[in-house]
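Reader: Hi, I have a structure open and I'd like to go through it with you. Can we take it piece by piece?

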Amino acid sequence: MPANVIRRRRGLMLVLSSPSGAGKTTLTRLLTRDDADVELSVSWTTRPPRPGEIDGVHYVFVSKDAFRAHRAADGFLEWAEVHDNLYGSPREPILDALDKGRDVLFDIDWQGAQQLTNSAQADVVKVFILPPSMIELRRRLDERAADHRAVIKKRMSNAYSEISRWDGYDYVLVNDELDNCYGQLKSIVAAERLRRQRQPWLPNFVQRLLQEDT
Ligand code: ADP
Ligand code: 5GP
């Protein structure tokens, strides 16, 4: 009976990138809250925690020396320097989650997205989030009030070069109305999970279907 085939799919690596303030963290929190199959890759960073950020939950906050030692031991799947700080995706917890058939969500920049594509193209789905306007991006950074003025200024000036990377992504969403953008993101995840190559059980299933008598 085809129904006996175990329908376990291959986990995907979902990358969200955007200029700072466009809404990655907000979308990430919604998706990990609502979807039990999605696990967040908690990056290591050398930047100081913002108010409310918890070590081990939002980031693993480390010194530059600790980061470099982990990097030298090949402990990151990808890493990059962003806004003068080091950021990296730790290899071990990600591979563990994928082994368990879970999807892993990455809130990383374009450099990290490119490195993941180079090492695991078939498993990577890349989504770029655009702000509706640069004025709104600035307003969101100000409203978040999590960074010093000089830091916000630097993030705004970096936003222009980050946005210019939009065409290296599989999907591009404009985060105007949050509910709408979140709905679009969930549709992408649902469709990508159904891709034929992510259903390793299908060949067996079809083979058995074709052997069935009616
Ligand atoms: P990022 O992780 O890309 O830096 P955040 O998710 O921290 O961005 O969002 C920056 C700020 O903008 C936060 O205060 C967040 O609540 C707000 N925000 C996110 N999406 C929207 C939206 N669609 N409309 C209005 N404000 C938003
Ligand atoms: P923030 O300091 O606002 O949390 O993040 C700054 C930028 O660094 C964002 O574009 C974010 O996506 C990126 N980033 C966070 N973690 C990583 C990581 O592990 N690798 C890479 N390449 N970028 C990261």
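Author: Glutamate 143 counts as exposed, because its relative accessibility is 56%. Exposed means over 50% relative accessible area, buried under 20%, and partly exposed in between (1.4 Å probe, protein chains only). This is a predicted model: local features need pLDDT of at least 70, side-chain atom pairs count only at pLDDT 80 or more, and totals for chains, interfaces and linings use all residues. Side-chain values use heavy atoms, without hydrogens and water, residues are numbered from 1 along each chain as its sequence is written, and chains are lettered from A and ligands numbered from 1 in the order in which they are written.

Reader: Ok. What does glutamate 143 form a salt bridge with?

Author: With arginine 139; the closest N and O atoms are 3.1 Å apart. A salt bridge here is a side-chain nitrogen of Lys or Arg within 4 Å of a carboxyl oxygen of Asp or Glu.

Reader: Which residue does arginine 138 form a salt bridge with?

Author: Aspartate 142, with the closest N and O atoms 3.3 Å apart. Both lie in α5 (residues 134-144), again four residues apart. Arginine 138 is partly exposed at 30%. Aspartate 142 is partly exposed too, at 37%.

Reader: How many salt bridges in the whole structure?

Author: A search finds 15. One of them joins aspartate 34 and arginine 33, with the closest N and O atoms 2.7 Å apart. Arginine 33 is exposed, at 60%, and aspartate 34 is partly exposed, at 40%.

Reader: New topic. Which residues are buried in helix α4?

Author: Gly112, Ala113, Leu116, Thr117 and Ala120, in a helix that covers residues 110-120. Seen down the axis of α4, they fall within an arc of 140°, so they line one face of the helix. That arc is taken from the directions from the helix axis to the C-beta atoms.

Reader: What's on the face turned away?

Author: The exposed residues Asn118 and Ser119.

Reader: And what do the buried ones pack against?

Author: Four strands: β1 (13-17), β5 (76-82), β7 (103-107) and β8 (124-130). Contact means heavy atoms within 4.5 Å.

Reader: You mentioned β5. What is the strand order in its sheet?

Author: The order is β4-β3-β6-β5, an open sheet with mixed pairing. β4 (60-61) and β5 stand at the edges, each with a single partner strand, so one side of each is left without a neighbour in the sheet.

Reader: How do β3 and β4 pair, parallel or antiparallel?

Author: Parallel, over two bridges. Two strands pair if DSSP finds at least two bridges between them. Threonine 45 stands opposite phenylalanine 61 in β4.

Reader: Last one. What does isoleucine 163 touch?

Author: Pro19, Phe128, Leu130, Pro131 and Met134, not counting residues up to four places away in sequence. Isoleucine 163 lies in helix α6 (residues 149-163). Its C-alpha atom and that of glutamate 136, 27 residues apart along the chain, are separated by 14 Å.
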